[in-house]
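Subject: Structure for you to look at

Hi,

Here is the structure I promised to pass on. Please open it first, then read my notes below.

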Amino acid sequence: MNTSFNFLGKSLQLYRYPKRFTHPSWQAWDAADELILDHIQQNQDNIDQTNIVILNDDFGALSCWLHDANIHHVSDSLVSQMACKQNISLNNLDNTQITYIDSLAQMPQQPDWVIIKIPKTLALLEHQLIQLQSVVSAKTKIVAAAKAKMIQKSTLSLFEKYLGKTHTSLAKKKARLVFCEPNLGLQQKPSPYPTVWKMDQEPFTINNHANVFARQQIDIGARLLIDNLPDCTAKTVVDLGCGNGVLGLCILKRYDNAEVIFIDESYMAVASAKLNVQNNLPTQMHRARFIVSNCLEQLENQTQIDMVICNPPFHQLNTITDHIATQMFEDAHLKLKKGGELRIIGNRHLEYPQKLKRLFGGYNVISSDKKFSILSSLK
Ligand code: SAM
């Protein structure tokens, strides 16, 4: 695995997070990071006193390389924050120069630079550009980058709509820069987020912040799992990778003495789940808890769990991967009470049965159709 990032006279060791799940072919930086750093180096003599806001710095490559500046690391992902902290510490860099800000919090005013790694979800980019409208000054330099194929007309029109005149560089190593000149004369436009849709299996109205999975309608996997929930009477249940919280909401409604812990690594997901319990079951908030966590890492050890319900993710950023599902199943096995149950839904071509067999010694097929299986393992 290539972990040595030697670029423009600086050498860093950079890993993804968690280190132990990193595939040998994965790197913690990409060509878009290199284009951004090259551009900053050419346009800023000394970065020591510079205020830089960095959005979506996947594994901390930009923050580590620019760590002499005052960095505001803005992200919706706890995993990204943890990767950055890990890499700052592995390289013995000064961690007091970096402030971590989640995607729903206020960004600092009038930064010298705004650097944007363009996210896969255009809605998250739109939310961030809307936030930037009230933050940038006429002097703020805005530069963004991504793989060239991710930069479409629709991407550039978002920059133009919310911030000002925008143009791109030529592609280099299949990546491209985007430059935007803030126009403070533009009328500020309101945010279309959270988006709202209605569930048909239960009478719930579901709010979704910009970066949440199934933002427009219920996921087919979630729908099937809702039809095949276990008996949660008097159980403490974790809705793992909760997204907007549809699974946990149904459990809270159907079992009036169950407790549900909603967990996701996305700040917007956990905030959406909280909003959805508050709005749909306001008198049941005392039976719900909300935790931003990488799998079950941030859940206190003493919490007794009877059940974990999960519709696992199968990609991280642009990479298709089952390493997150693997960690979710391992963590569930570790933290469940003896006799406790993990119930999951997965696409049939995924190797979830093998993973459950290895960890739990077996599994039952609760339901299956051409595309999906619902599997259950007992500890
Ligand atoms: N439960 C929701 C549903 O069924 O509609 C969302 C399921 S979606 C397939 C997977 C969820 O896992 C996403 O909300 C994603 O943010 C979350 N996720 C991804 N990586 C995670 C991690 N390392 N720890 C916790 N949650 C994670």
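A polar contact here is a pair of N or O atoms within 3.5 Å; within protein, one of the two must be able to donate a hydrogen and the other to accept it. Keep that in mind for Asp-264: its side chain reaches the backbone nitrogen of Ser-266 at 2.9 Å. One caution before the rest: this is a predicted model.

**Asp-264**

Asp-264 sits in strand S13, which covers residues 259-264. Its relative accessible area is 13%. Buried means under 20%, so Asp-264 counts as buried. Phe-290 is 26 residues away from Asp-264 in sequence. In space, the two C-alpha atoms are 8.6 Å apart.

**The ligand**

Asp-264 also belongs to the ligand's surroundings. The ligand has 17 residues around it. The closest are Gly-241, Asp-264, Asn-294, Cys-295 and Asn-311. By type, the shell divides into ten nonpolar, five polar and two charged residues.

Which protein atoms lie by a nitrogen atom of the ligand? In Asn-294, an N or O atom of the side chain is 2.7 Å from a ligand nitrogen. In Cys-295, a backbone N or O atom lies 2.8 Å from a ligand nitrogen. In Ser-293, a polar backbone atom is 3.4 Å from a ligand nitrogen. On its own, the ligand has 590 Å² of accessible area, and the protein covers 92% of that.

**Salt bridges**

Side chains of opposite charge can pair when their charged atoms come close. There are twelve salt bridges in this structure. Three of them are worth a look.

Start with Lys-117 and Asp-30. Their closest N and O atoms are 3.2 Å apart. Asp-30 is partly exposed, at 30%.

Next, Lys-173 and Glu-34. Their side chains meet in a salt bridge at 2.7 Å, N to O. This pair also links distant parts of the chain, 139 residues apart. Lys-173 is in the loop between strand S8 (166-168) and strand S9 (175-180), while Glu-34 is in helix H1. Lys-173 is exposed, with a relative accessible area of 62%. Glu-34 is at 15%, so it counts as buried.

Last, Arg-343 and Glu-341. The closest N and O atoms of this salt bridge are 2.7 Å apart. Both residues are buried. Elsewhere, salt bridges that share partners join Asp-30, Asp-33, Asp-58 and Lys-117 into one network.

**Backbone points to check**

Where are the cis peptide bonds that I noted? One joins Tyr-17 and Pro-18, with omega about -10°. Pro-18 is in the loop between S2 and H1. Another runs from Tyr-193 to Pro-194, with omega near 0°. Pro-194 is in the loop between S9 and strand S10 (195-198).

Two residues other than glycine have a positive phi. Leu-8 has phi near 50°. It lies in the loop between strand S1 (4-7) and S2, and at 36% relative accessibility it counts as partly exposed. Lys-173, from the salt bridge with Glu-34, has phi near 45°.

**Asn-347**

Asn-347 is in strand S18, residues 336-347. Its relative accessibility is 18%, so it counts as buried. Leaving aside neighbours within four places in sequence, Asn-347 is in contact with Lys-371 and Phe-372.

Best wishes

Conventions
Residues are numbered from 1 along each chain as its sequence is written. This is a predicted model: local features need pLDDT of at least 70, side-chain atom pairs count only at pLDDT 80 or more; totals for chains, interfaces and linings use all residues. Side-chain values use heavy atoms; hydrogens and water are left out. A salt bridge is a side-chain nitrogen of Lys or Arg within 4 Å of a carboxyl oxygen of Asp or Glu. Buried means under 20% relative accessible area, exposed over 50%, partly exposed in between (1.4 Å probe, protein chains only). Helices (H or I, at least four residues) and strands (E, at least two) are DSSP runs, numbered from the N terminus. A residue is near a molecule or strand if one of its heavy atoms lies within 4 Å of it. Accessible areas come from the Shrake-Rupley method with a 1.4 Å probe; for residues, only the protein chains shown count as cover. Ala, Val, Leu, Ile, Met, Phe, Trp, Tyr, Cys and Pro count as nonpolar, Asp, Glu, Lys and Arg as charged, and the others, Gly among them, as polar. Contact means heavy atoms within 4.5 Å.
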